[in-house]
Amino acid sequence: MSQEIEIEFKNMLTKEEFHRLCESFAITTFIEQVNHYFETPSFSLKEKSSALRIREKNGAYTITLKQPAVTGLLETHQTVTKQEAEWMMETGTMIPGAVYDQLLLLDIPVEQLHYYGSLTTQRAEMLYENGTLVFDHSFYFHHDDYELEYEVQTEETGKKSFLHLLAQYNIPVRPTKNKVQRFFLAKQNISQ
């Protein structure tokens, strides 16, 4: 089992802001990753401010449960095979292991999990000051959006650096939902 605390800051960008930042930071290469999202019909994970996904990247598959922590989010990771990931998506059935055990601790009814779809991201990362700057262009349900993330170890200094970067490039601070929230909002909108 692998667990870590994730502290990150996010800001939505316009297409023009995204390309201007990529040019300024000499970002030219992106890696594709696909997030496959799971939830119960009654949104049990959302009620606990949590999210469950399988991330497919470079031929590897990792289940990740994100849940609130005192600072940031606690992420529990579990590597699975392609066949296990496909089986989970087909059946909604969780593979036994660290993530399954953590879901039970959260009182999530694992037998009610369903696969709801995927969000594909073209991602570039680079070290910046004391963290990692992440440039994301995401596609889901006939939407695409642009986002800048800053992953750090220390919340206070990370926030200061991120806000300074945005100000330096005249990018307004925008309230930004995380990817799973944007995914489910878009899914809800197409269902209506």
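Strand β3, spanning residues 51–57, is mostly covered, with 5 of its 7 residues buried. The structure described here is a predicted model. On one side of the pairing, β3 is joined to strand β2 (residues 31–39) in the antiparallel sense over 6 bridges. Within this pairing, Val34 stands opposite Glu56 of β3. Strand β3 also pairs with strand β4 (residues 60–68), again in the antiparallel sense, over 7 bridges. Here Ile54 has Ile63 in β4 as its bridge partner. The hairpin of β3 and β4 has 2 residues between the strands, and Asn58 in this hairpin takes a positive phi near 55°.

Leaving out residues up to four places away in sequence, Phe135 touches Phe18, Leu21, Cys22, Phe25, Ile27, Phe30, Gln122, Arg123, Ala124, Met126, Glu147 and Leu148.

Charged pairs form another part of the picture. Side chains of opposite charge can pair when their charged atoms come close. The structure holds 14 salt bridges. One of them links Glu75 with Lys66, whose closest N and O atoms are 3.3 Å apart. Both Glu75 and Lys66 are buried.

Lys179 takes part in two of the pairs described here. The side chains of Lys179 and Glu147 meet in a salt bridge with an N to O distance of 2.8 Å. Because Glu147 lies in strand β8 (residues 143–152) and Lys179 in helix α6 (residues 179–191), this pair ties together parts that are 32 residues apart in sequence. Lys179 also forms a salt bridge with Glu149, and the closest N and O atoms of that pair are 2.8 Å apart. Glu149 lies in β8, so its pairing with Lys179 in α6 ties together parts that are 30 residues apart in sequence. Glu149 counts as buried because its relative accessibility is 2%, under the 20% limit. Salt bridges that share partners join Glu8, Lys10, Arg123, Glu125, Asp136, Asp145, Glu147, Glu149, Lys179 and Arg182 into one network. Glu147 is buried, with a relative accessible area of 0%, and Lys179 is buried at 6%.

Strand β7 (residues 131–140) contains His137. The relative accessible area of His137 is 15%, and the residue is therefore buried. Apart from neighbours within four places in sequence, His137 is in contact with Phe18, Thr120, Thr121, Gln122, Asp144, Asp145 and Tyr146. With Asp144 there is a polar contact between side chains, at 2.6 Å. Thr40 is 97 residues from His137 along the chain, and the C-alpha atoms of the two residues are separated by 27 Å.

Conventions: Residues are numbered from 1 along each chain as its sequence is written. This is a predicted model: local features need pLDDT of at least 70, side-chain atom pairs count only at pLDDT 80 or more; totals for chains, interfaces and linings use all residues. Side-chain values use heavy atoms; hydrogens and water are left out. Helices (H or I, at least four residues) and strands (E, at least two) are DSSP runs, numbered from the N terminus. Buried means under 20% relative accessible area, exposed over 50%, partly exposed in between (1.4 Å probe, protein chains only). Contact means heavy atoms within 4.5 Å. A polar contact is a pair of N or O atoms within 3.5 Å; within protein, one must be able to donate a hydrogen and the other to accept it, and residues adjacent in sequence count only if both atoms are side-chain atoms. A salt bridge is a side-chain nitrogen of Lys or Arg within 4 Å of a carboxyl oxygen of Asp or Glu. Two strands pair if DSSP finds at least two bridges between them.
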